[in-house]
Amino acid sequence: MTIRVAAVGTGNVGKPALAHLIGDDRFDLTAVWVSSEAKAGRDAGELAGLGVTTGVAATTDLDAVLATAPECVVYTALADNRLTEALEDYRRILAAGINVVGSSAVFLQYPWQTLPQEMISPIEEAAAQGNSSLFVGGIDPGFANDLVPLALAGTCQSIEQVRCMEIINYDTYDSAAVMFDVMGFGRSLDDVPMLLQPGVLSLAWGSVVRQLAAGLGIDLDEVKETYVREPAPEAFDIASGHIEKGTAAALRFEVQGIKDGAVAVVLEHVTRLRDDLRPDWPQPAQEGGSYRIEITGEPSYAVDLCLSSPNGDHNHAGLVATAARVVNAIPDVVAAPAGIRTTLDLPLVTGRGLYAGSRP
């Protein structure tokens, strides 16, 4: 029996999510929400880049989407620069009795002890009211720093530290709002962007550290954050725009979970806009970028996740993986008890029904 689903957002993550929903026989697409009038009225198949007609026209009216009575909404709309609106969207959808899987806002992956309770309570109350469930994930925050490291940790006798790393060149990531406004690339090093304001890194990725700690049974004493930036040695262009000489062109940060004075859990990002920047920083396992999990313990592990795609580069593959993580979780989220669900709650999503044979 198919599950009635609606899509909210058709951007970098929303487009592959929409394509997945249309092409997967487990789902029946009821509606698509878009943020711009330029996309309103266009067919979902066109917005997904599939070249097919679905008969589902996009709308900017969220109430119209909810009126189609989906069992689950796939929420991929950008939340970084519209947090209040995104949280209200979640509240409305859940209160209407509709389950949600999403890729943003990322701290909803595991919000407890990361968000103030006054931000969590409206979501929890709406889920209770609608008897609905919410799961937020993807790749990072997501399976690269929850499912995979926790699975590895389950094969250890003892653990000293778990470190999850994203080491990626963002030069082909096409989102000016994220790259310039949120992350601060192309801006003066004296200008502190949204992401690097005190407490924001811990807000965005504290959920990763807190969930890993919860999975390991660690009651953290505190969460700390550190970062360093590198200026561009000369002017150059990336997919999102122009980078002037001397402006931010590389960023390395850590969000650290501290226990008894030791760094027990770490989320680290090494982000470059050119491969030659800061060669002394950790290097990816493949050209362009990779994810790395390092567990220090007995035994110790170092595992690299190298994403690729026949349809694009590593950044494209990461966007598809982010979308597929939440889309494939839909059946389990629909079946889950009401409330905010996490990787620690849901059964293993195995990819059942996704085998498509060899490509010609």
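Figure 1. The model is predicted, so local features need pLDDT of at least 70 and side-chain atom pairs count only at pLDDT 80 or more, while totals for chains, interfaces and linings use all residues. Residues are numbered from 1 along each chain as its sequence is written, and side-chain values use heavy atoms, with hydrogens and water left out. On the side of domain 1 that touches domain 2, the residues are 7 nonpolar, 5 polar and 2 charged (nonpolar: Ala, Val, Leu, Ile, Met, Phe, Trp, Tyr, Cys and Pro; charged: Asp, Glu, Lys and Arg; polar: the others, Gly among them).

Figure 2. Domain 1 covers 3–136 + 317–341 and domain 2 covers 147–306, with bounds from an automatic or database domain assignment. Their C-alpha centres are 26 Å apart. In contact (heavy atoms within 4.5 Å) are 14 residues of domain 1 and 17 residues of domain 2. The buried area, the accessible area (1.4 Å probe) that two parts lose on being put together, summed over both, is about 1,300 Å², and carbon and sulfur atoms give 59% of it. Gln109, Tyr110 and Thr114 lose the most area in domain 1, together 36% of what that side buries.

**Figure 3. The loop between strand E5 and helix H5.** Strand E5 spans 99–102 and helix H5 spans 117–130; helices (H or I, at least four residues) and strands (E, at least two) are DSSP runs, numbered from the N terminus. Ala105 lies in this loop, and the peptide bond from Ser104 to Ala105 is cis, with omega near -10 degrees. Gln113 is in the loop between E5 and H5 as well. The phi of Gln113 is positive, near 70 degrees. Most residues other than glycine have a negative phi, and most peptide bonds are trans.

**Figure 4. The loop between strand E13 and strand E14.** Pro299 lies between E13 (289–298) and E14 (301–305). Glu298 and Pro299 are joined by a cis peptide bond with omega about -5 degrees.
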